[in-house]
Amino acid sequence: MAVGWKPLLPLIAVSALFIYEEWVSSPSCPNLHGHEPNQDHPDDLKVMMVANLLLLGSEAGYFNLLFRDYYLSRFFTNSFRTLKPDMLLVLGDISARGYKLPNSKYISVIHQFQRVLGPFLGLPLHVVLGDRDVGECDKLSADLVSWVSGRFPGLDSAGCGAFEIGNVSFVSLNAVALLCGNNELRFSVEKVVESESMDFQMGTELEGMDENGRVRKKVYEFGWRENAMSSGSGPVLLLHFPLNQTVAAANYDRSRSSSILDGRGRVGTGPYNLLHKLPPNATEYIFQALKPRIVFSAHTQEFHDYFHPDGTREVTVPAMTWNARDDPGFVVAIFRRNKGEVSVSYCSLARESHVLVAYVTLLILLVPMMVFPSTPNLRCFTQS
């Protein structure tokens, strides 16, 4: 009778593994769960933001398919169930090396992306293009950008987009084109910036009353340098590369920044050896033209939350995959109604090293029990 439980050992192990996987694949969002419930309102917009998925598509090996991609899918599923977001934003680098792939293999990356999203496919989705999706400066191709943009909702042929959801206006830009100097794509992105700048000026500089008490439109300059909008009155800006922090650096209040962005390591030849964020002129151009309410960027694979000299807040979204870092994560932003404050929470996910240690420990415990389930002959001999 002492060994009667051993036939149940496989069932116990499978049940324990299921419970562990369910627990370890759930996000930890302490700031989000710790806020006051009375702050929430039905008109608030809750957006989950992820970046740097680095999917390999048909080139993924067994370890990625059976372990990393499996857990990435569970991360999405449990995050959806736990957080109940209204929308998903992906801030670039869906593919690990998509720009190197022929279209036939790139399609497998997009299919893999759809599989890991799971329940998020039923939510509004917007994707920002990253350098690994469309190429570094010396490999940037207008044809590839147009082809990739056509596979995701809401992007034009230059990889930009503008949309509104829940009374929150978003503008996403192809930051790779802005980084790469004079090129056809950069001019297309600048046209989008100027168009959105004019739209927002029309929306914000509307009102004045004539002598009869009727509403009239103001007359103003359309050039972005003459933008009369106040800082923070523009759209939510979505980019892959972070903005430059050296603009007006002499007036920068470091006490308002939680950390300083240094950029990621070297990733090849060209400007990436020196620039891992948009240059100062592009940053100033964006600030002057759009006056963003808040900026969300990625690329560094780490979480940062800081303020630019004019008070504009920028949040850098971390990588959400073990292909990029041992401790992935993502960001949840809640846009309060009536253009109120934006609450930003960092959510952490399980470390890959911890999960691997747990599997190895379970294997070490189970193998001896399965190979040597009992020793009845030895027991009978000692009793006699």
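**A guided tour of the model**

The accessible surface of the protein comes to about 18,800 Å², and 56% of that belongs to carbon and sulfur atoms (areas come from the Shrake-Rupley method with a 1.4 Å probe; for residues, only the protein chains shown count as cover). This is a predicted model: local features need pLDDT of at least 70, side-chain atom pairs count only at pLDDT 80 or more, and totals for chains, interfaces and linings use all residues. Residues are numbered from 1 along each chain as its sequence is written, and side-chain values use heavy atoms, with hydrogens and water left out.

Start with the whole chain in cartoon view. Its secondary structure comes to eleven helices and eleven strands (DSSP runs numbered from the N terminus: helices are H or I with at least four residues, strands E with at least two). Of the 384 residues, 48% are buried (under 20% relative accessible area, with exposed over 50% and partly exposed in between; 1.4 Å probe, protein chains only).

Next, select the strands β3, β2, β1, β10 and β11. In that order they form an open sheet with mixed pairing (two strands pair if DSSP finds at least two bridges between them). The edges are β3 (125-127) and β11 (342-348), each pairing on one side only. Now zoom in on β1 (residues 45-50) and β10 (residues 329-335), which run antiparallel and are joined by five bridges. Which residue of β10 is the bridge partner of Met49? Look for Val331.

Move along to the loop between β9 (313-316) and β10, where you will find Pro318. Is Pro318 buried or exposed? Its relative accessibility is 2%, so Pro318 counts as buried. Residues that Pro318 touches include Ala51, Phe303, Val331 and Tyr346 (contact means heavy atoms within 4.5 Å). Thr300 is 18 residues from Pro318 in sequence, and their C-alpha atoms are 7.1 Å apart.

Now show side chains for Phe76, Phe113, Leu173, Leu278 and Met320. These have the most contacts inside the largest nonpolar core, which has 73 residues (such a core is a set of buried Ala, Val, Leu, Ile, Met, Phe, Trp, Tyr and Cys residues joined through side-chain atoms within 4.5 Å). A second, separate core has 23 residues, among them Phe170, Ile294, Ala298 and Ala333.

Finish at helix α9 (residues 280-290). Its buried residues include Ala282, Tyr285, Ile286 and Leu290.

Notes
Lists of a residue's contacts leave out its neighbours within four places in sequence.
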